[in-house]
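Subject: Structure handover, with notes on what was found

Dear colleague,

Please find below the structure that I am handing over to you, followed by my notes on it. I would be grateful if you could read the notes with the structure open beside them.

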Amino acid sequence: MPEVLYEEVIEVDERVVLKQDGCKLPRKESKRIVTGSTGDSLEVWRELDLQQVEKDLKGVLSRGITSLAVLLLHSYTWSVHEKAVGSLARKLGFTQVSLSSEVMPMIRAVPRGYTVCADAYLTPKIRQYLRGFTSGFKGGLKDVDVLFMQSDGGLTPMDQFCGSRAVLSGPAGGVVGYAVTSYSSTDNKPVIGFDMGGTSTDVSRYAGQYEHVFEATTAGVTLQAPQLDINTVAAGGGSRLFFRSGMFVVGPESAGAHPGPACYRKGGPLTVTDANLALGRLLPAFFPRIFGPGENEPLSSEETMHHFRQLTKEINHFLSGQSQSGANGPRLSNSSGSGSMAQMSVEEVAMGFIRVANEAMCRPIRALTQAKGHDTSKHVLACFGGAGGQHACAIARALGMKTVFIHKYSGVLSAYGLALADVVEEVQEPCSLQYESRSFAELDRRVELLSQRCQDTLRTRGFSSAQIKTEVFLHLRYEGTDCALMVTATGYPGNAQSCGAGDFRSAFTKRYLKEFGFTIPDRPIMVDDIRIRGSGMSGIKSVTHAKSGCGPAKPATVTKCYFEDRYLETNVYLWEELSCEHSIQGPAIIIDKNSTILVEPGCVAQLTEKGDVRISVGTDSQCVLGTELNAIQLSIFSHRFMSIAEQMGRVLQRTSISTNIKERLDFSCAVFGPDGGLVSNAPHIPVHLGAMQETVQYQIKALGSSLKEGDVILSNHPCAGGSHLPDLTVITPVFWHGVSGPVFFVASRGHHADIGGITPGSMPPHSKSLQEEGAVFTSFKLVTGGIFQEQAVTEELMAPAQYPGCSGTRNLHDNLSDLRAQVAANQRGSLLVGELIDSYGLPVVQAYMGYIQSNAELAVRDMLRDFARRHRQQTGSLQVESEDHMDDGTPIRLRVKINEQEGSAVFDFSGTGPEVWGNCNAPRAITLSALIYCLRCMVGQDIPLNQGCLAPIKVIIPPGSILQPSQNAAVVGGNVLTSQRVVDVIFRAFEVCAASQGCMNNVSFGSERSGYYETVAGGAGAGPGWDGRSGVHSHMTNTRITDPEILEKRYPVILEQFSLRPGSGGAGRYRGGDGVIRKLLFREDVVLSVLTERRSTRPYGLHGGESGAAGLNLLHRADGRVLNLGAKTTVSLQPGDMFSLHTPGGGGYEKEEKEQDGNGTLPSKRRRLNETFVERGSVFEYRRAQESV
């Protein structure tokens, strides 16, 4: 987690709340009513205390802090209080004052707060730089128009350049560069920008319009500002190379600019750049002599080859050991797949890393395009950056692209794009209108005012009316959803049924259908923001021409490059000596001053009239791959299988309709072998990890040969591998011609918001039987012979109504829509598996499925051997055990016996308490998910998530216990609470760290009009060398909580307090993290449900560290009474009642007075000390959101 940008925080004593028509709060006194810029009415509950603010600000100034960020709740619509604080701060002498209402007036306080902090943090540094920059010129550039690139791809005057809009200014220049030069030069085909430099690789897309995002995370800081959708997907040429547990691994660690790759002569590690050098694809003679400590030496091929020889020796030693480890083990082969030898050459190793690096970069490119409904193969690859030309042909070929375009100035395209960009002025206002005829006049009025502001500003900068172009955007979403799209009406002129600025309804629904696969015709469309983008067009155009010439191109030299399995004679050309008539057959190398382009065999490069290089990419002459284990192909297949699971997830997210799946991303998708063993699972939700495997294997046993092509199975029963009933699993068998049974299975598990039962949301805190928790499916055929069984599944979803006090599903429409989306996701996975089999053959694909599982097994065995050795040396024993308790006293006991020689272990939960009269019973699949999660944590490196993780493990769970209850036991709490205790018990046995809060703090409330559910963070446990984090989720969940402004706008509640709970973390040399205090004041009659743990037992400390504080659930009645609600309850609340949640803290680690271990040294956490590239962009945001469920 990133460190915060601010030094101090001042809490301002003021409060405004949105006025709600249904509010029934008892009024002691009338409140001042004000109107926000959105048209919403607000009540001023507490006026701004400027005297106290002045006192606090003077104290901050006295400590030398002169930069201030101001964020007040609901200031996006009513900014009077913020502006008063800003005015006061400037009078007091603050040199930088950033107001959130000015920096980005959009709803959501948390990202707006991050943004204003970043602005206040960065802008003074930018101002300092600009002063130094201008001082070097005569007159300080006083009368010179100096422009700077912003993150949105537009130029802005120097005096308007600010921190929050400058973060991506460099990469943005590159996007403008290829958009202006490549798009028009390739018959207006959509273009993927591929910018591979020395320390990062950026990917973006252009199809006639710049693609912007308005909330993105960079270096852990979420910025709410318009930015081009630039995805940093890899570490570029500086990506480090590793061989781990039999797999070739590229990145994410980076050598950085210093020391850089090994060939830089500064003691750096092996990187992708070194691999290209080792293969002859980089020629030191054409590089300047700027390397080494004195920065006066050439690139060092000797240093690179020395490191590669060492790594190759290590790899061959491993492969030899594997080959001799068992007669029945897989045969090993070199990269040619001949199987005749296990030894690999240096070139084969280097080539293997290049292929793995290329596949790793292809995955996010597929995600970027397919996430928005585009076909990757229909794009042109525009390559720029110093390192991109070496990989462009291979990446284009892998993605099915036919053309690579490389601009003449590709090595400096970001700088070139800056010269071609327009000057941009943007204005934006929040809005709360419904897009309907009654609102059109007000929308047109506001659009006209904002457009005029843009035009006036651009005119003051010297642009004539003819040079100014404005574009109107509306930030639109369907009512009741969070999935808003910033929509332009370009191409959709206004009509009688639209506002004057354009037919935004048609534009929105067409784009929504394109990106998500459906629309919601009967749902109102809401306008969240109005945005005007004004452009002052400079008129500068890219005018370059290639020289004319006659005769064939003459190579400057001839070298040997390694391709796939051998060296080939490769002509080397100087770009500056080529003319537009020249056509260059691969293999060839084209070199200019800033980049090296590799034209691979089967590809043809041609110079355009403007001097750019266009490469026609030929088909790959694939060598036949055998079923013997090839270490390089193992890494590539790992990426391919994971890509299938990821693409299934994209389809599910696009085509689903419910908030839980579409926006909270509470789902997982996976691929399974013919035996039901997990092959790949995009690691989204910890509690789903590995659990679906049990579900698939149950169906194989239950249905067997009755499974036919066109069948799809639905299941959620705990005895069939389910976690809890709202998690519906849809399973599709994959058949292949000539094979009688399924050759693979694909499955998707999604959390449905309601499937019936005794409470809305199907998460009752007091259920005593499974039937009270909703509809139950064991082996239900959702699709038979390709026909969706809508009537039958509807009957099952409504069936819970037959039980006393229960209801059928309360949202049948969303259930059916999401089930169809899961079927569509599985269909996509089935097609992708088929394509993989088409490419390699069924025996090869299934063989590598097994090898990937064996690779995960190997990593777990290595971890167990290492732990066993250390534990035996310390205690003389190969057995560990631990115990913890649920709040009702039920023990969870674990004894682990480790076989050091085999690297295997028996996890025995005998002695665990019996099934409970309540819903904290955890199905067996939950325990296995918790175990896989713990094993992955303890391995300490990224490993494939598949059944191999559990291959060295035997798990004993006593039937009839809380961890393997009877068929009809209630289980909803086991999924969200008992799973956490299982993790605590495993980590305690292995002494990994102290206990974290051990609870998800499930809180829900609702009425006939609306319902709401959240899980709340607490303290994380401390460990060897680190303090526990405060106010975070841990282990089996990592859910994001609803933003305060969204919460108060959409629900009858006021957030009275949300803060850390000081002192709740356990004391110790390393302190446990603190829990949080969250107070919700209710404005209407609602029913509140809480489902929590660690209210009577405390999170344990380790090695003398103290336990964290237990949690506490309090109800403050409007009449002044304070009630302890206990851990699990449902209670009716009245207006004025307040729920106060105090979440547990994490346990401490080691006694406070202990400073040294037995060796006299400070213990330290095993951390990666290497620099890693900073991911960003919409692909990263999607994965980050899903991993935070």
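For the angles and distances that follow, axes are lines fitted to C-alpha atoms, for helices over the stretch in contact, and angles run from 0 to 180 degrees between N-to-C directions. Helices (H or I, at least four residues) and strands (E, at least two) are DSSP runs, numbered from the N terminus. This is a predicted model, in which local features need pLDDT of at least 70 and side-chain atom pairs count only at pLDDT 80 or more, while totals for chains, interfaces and linings use all residues. Residues are numbered from 1 along each chain as its sequence is written, and side-chain values use heavy atoms, with hydrogens and water left out.

I begin with two helix pairs. The axes of helix α17 (residues 812-840) and helix α18 (residues 842-875) come within 7 Å and cross at roughly 115 degrees, and α17 and α18 are therefore roughly perpendicular to each other (angles under 35 degrees count as roughly parallel, over 145 as roughly antiparallel, 65 to 115 as roughly perpendicular and the rest as oblique). In their contact (heavy atoms within 4.5 Å), Leu836, Ile837 and Tyr840 of α17 meet Leu842, Val844 and Val845 of α18. By class, this contact of α17 with α18 has six nonpolar, no polar and no charged residues, where Ala, Val, Leu, Ile, Met, Phe, Trp, Tyr, Cys and Pro count as nonpolar, Asp, Glu, Lys and Arg as charged, and the others, Gly among them, as polar.

Helix α19 (residues 924-939) packs against helix α20 (residues 972-989) at an angle of about 45 degrees, with the axes 9 Å apart, and α19 and α20 are therefore oblique to each other. The residues that make the contact include Ala930, Leu931 and Tyr933 of α19, and Val982, Val983 and Phe987 of α20. The contact of α19 with α20 divides into 11 nonpolar, four polar and no charged residues.

Turning to the strands, an open sheet of eight strands with mixed pairing has the order β14-β9-β8-β18-β19-β30-β29-β26 (two strands pair if DSSP finds at least two bridges between them). β14 (231-234) and β26 (583-585) stand at the edges with a single partner strand each, so one side of each is left without a neighbour in the sheet. On average, neighbouring strands of this sheet are turned by 25 degrees against each other, direction ignored. Within the sheet, β18 (residues 380-384) and β19 (residues 403-406) pair in the parallel sense over three bridges, and Leu381 stands opposite Val404 in β19. Helix α9 (residues 392-399) lies across β8, β18, β19 and β30 (613-616), and runs at about 160 degrees to β18.

Elsewhere, strand β24 (residues 557-563) and strand β25 (residues 566-574) run antiparallel and are joined by seven bridges, with Val558 having Asn571 in β25 as its bridge partner. β24 and β25 form a hairpin with two residues between them, and Glu564 in the turn has a positive phi of about 55 degrees. Four bridges also join β25 to strand β27 (residues 588-591), and these two run parallel; the bridge partner of Asn571 in β27 is Ala588.

Finally, a search of the whole structure finds 44 salt bridges (a side-chain nitrogen of Lys or Arg within 4 Å of a carboxyl oxygen of Asp or Glu). Arg63 lies in the loop between α1 (50-62) and β4 (67-70) and Glu8 in the segment before β1 (15-18), so the pair ties together parts that are 55 residues apart in sequence.
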